[in-house]
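Good morning. I will go through one structure today, starting with charged side chains and ending with the chain as a whole. Please look at the model first.

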Amino acid sequence: MARVLRTHAAGAATCALLLSSAGAMAAEAHREAFGKLTDGTAIESVTLKNATGIAARLMTLGASIQSLSVPDNRGNSADIVLGYATAQEFLDKPQFFGATVGRFANRIAKGRFNLDGRAYILATNDHGNSLHGGLRGFDKVVWNIDSIESGATASATFSYSSPAGEEGYPGDLHVLAIYTLNDHNELGVRYQATTDAPTIVNISNHSYFNLAGESSGRSVMDQLLQINAAKFTPVDQLLIPTGELSPVAGTPFDFREPTAIGARIRDGHDLQIRYGRGYDHNFVLSGSQLRTAVRFTDPQSGRVMEILTKAPGVQFYSGNFFDGTIVGKGGKVYRQGDAIVLEPQLFPDAPNHPDFPSARLDPGSTYDNTIVYRFSVLKR
C-alpha cells in the first residue's frame, strides 16, 4: 500500500494529511461484543477504521467514543481520548469519557426551567444544578445499534428513546447518534432528536482529548489551541452563565490565535479562571453554517485536530477536576491538565436566558447538532 502526502497551508504552518492509496479506498465498520455490566447487560462496540489508520471504537453504553487511534507525523498511532478499558468502569467512576451527553449538555441552574408557563424540576447532580442531563443522563444508558455500514464512508447509527419525565424532562424524545468516518480523516457525529411534546434539547459529545496520546504521560498544557470566538459567556461561582457575552480580547480567554493551553491557565488575577479552576466556559461562535470552530495542535507529535460545527457555542473544559484518583485504560493516572474537552453545543443554562439561542424543540421539528473532527499532521 503506497503512501502519499497532501499538504495544505494554515496560517504560517504547512500541514500534511497522511493518505494511503491502493486503488479505491474504503472505510470499514466492525461490530463486536464489549463485555457486560455487573447486572448482566451486554455492551457492544462498533469500530470504524479508514485506510489512513484512523480507528474509532464506539460503545453502546452512552453512544460513546471509547477509543480513537490517530497516526502522528511518523506514522505511529496513539489513542488520543481518555477513558476506561471496561464498560462497568464508566458507571462506577463516571467522568463522561467520550460520552453522548443529554438531554441537556452542560448546566441548568438549580435544575429548573419554565416552558409554556409550566415549571419543570430536573434531577440535580452538580452543586444543586443539573449537569449533562442529570443523575442518569444519556451517558449512562445503553443505546441500540440501528445500523452499521462500510464503504467510502463507514458509519454506525445508535438510537435511544427517552420517555417523558426521565430526569424531569417533558416529552418522549427519540434520539439518533450517527457516527461516520471517511478517508479524508474526518470523524463525524450527528445528533438528531424528535419529540411528541414541547421540550428542551442540547446534545453533544464529551470526549477528553490529548493529542500526545492518553497514556503518553504528557499533559496538554504545551499543546496549542485556537478557538474562533471573539466572545465568551462569563459564569458565577457555580459555573452558571451570568447572561453576559464578554469580549475575549485582553483576557486569558483569547484563543483567536494558536496559544499554549497552559500559558494563562494559572492567571489568578482573572476571576473567571478562579471560578473555573482553569477553563470551563462557553465560547460564542459566529455564523450558523458548518465552519471551523477549533484547531488543536500538538507540535511534538504533529497531530492536528480541527472541529467543524454548526452550533452557536463550544464549551472548553481543561480537565480541572482530575485529582489523580482515576486510572485510565492505558494504566496511567489522570491528573489535572491531562486532557481537554471541546463540546459544540447551545449555551449553558439556555432555557433560563431568553437572549441565548433557544433550546426549545417542538413536535414536527428535528433537533440537529453536527460535529466533525478533522485530523491532519504537521509536516516534518
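Start with Asp280, which forms a salt bridge with Arg107, the closest N and O atoms being 3.6 Å apart. A salt bridge here is a side-chain nitrogen of Lys or Arg within 4 Å of a carboxyl oxygen of Asp or Glu. The two partners come from distant parts of the chain: Asp280 sits in strand S24 (residues 280–284) and Arg107 in strand S9 (residues 107–108), 173 residues apart. Helices (H or I, at least four residues) and strands (E, at least two) are DSSP runs, numbered from the N terminus.

Before going on, some notes on the source. This is a predicted model, where local features need pLDDT of at least 70 and side-chain atom pairs count only at pLDDT 80 or more, while totals for chains, interfaces and linings use all residues. Residues are numbered from 1 along each chain as its sequence is written, and side-chain values use heavy atoms, with hydrogens and water left out.

Are Asp280 and Arg107 buried or exposed? Both are buried. Buried means under 20% relative accessible area, exposed over 50%, and partly exposed in between, with a 1.4 Å probe and protein chains only.

Now a second pair. Arg374 and Glu186 meet through their side chains in a salt bridge of 3.1 Å, N to O. This pair also links distant parts of the chain, with Arg374 in strand S32 (residues 367–378) and Glu186 in strand S16 (residues 186–195), 188 residues apart. Arg374 has 28% relative accessibility, so it counts as partly exposed.

Asp222 is partly exposed because its relative accessible area is 44%, whereas Arg218, at 19%, is buried. Elsewhere, salt bridges that share partners join Arg107, Asp126 and Asp280 into one network. How many salt bridges does the structure hold? There are 15.

Next, a charged residue without such a partner. Glu343 lies in strand S30 (residues 340–345). Glu343 is buried yet has no salt bridge, and the nearest side chain of opposite charge, Arg107, is 7.5 Å away. For charge, Lys and Arg count as positive and Asp and Glu as negative; His and the chain ends are not counted. Leaving aside neighbours within four places in sequence, Glu343 is in contact (heavy atoms within 4.5 Å) with residues including Val101, His132, Asn205 and Gln315.

Five strands form an open sheet in the order S3-S4-S5-S6-S7, with antiparallel pairing. Two strands pair if DSSP finds at least two bridges between them. At the edges are strand S3 (28–36) and strand S7 (77–79), each pairing on one side only. Within the sheet, five bridges join strand S5 (residues 55–59) to strand S6 (residues 64–71). Met59, for example, has Ser64 in S6 as its bridge partner.

Finally, the whole chain. The protein chain has two helices and 32 strands. Its radius of gyration, taken over C-alpha atoms, is 20 Å, close to the 21 Å that the globule rule (2.2 Å times the number of residues to the power 0.38) gives for 380 residues, so the chain is as compact as a globular protein of that length. Buried residues make up 58% of the 380 residues. Among contacts between residues at least 6 apart in sequence, 65% join residues at least 24 apart.
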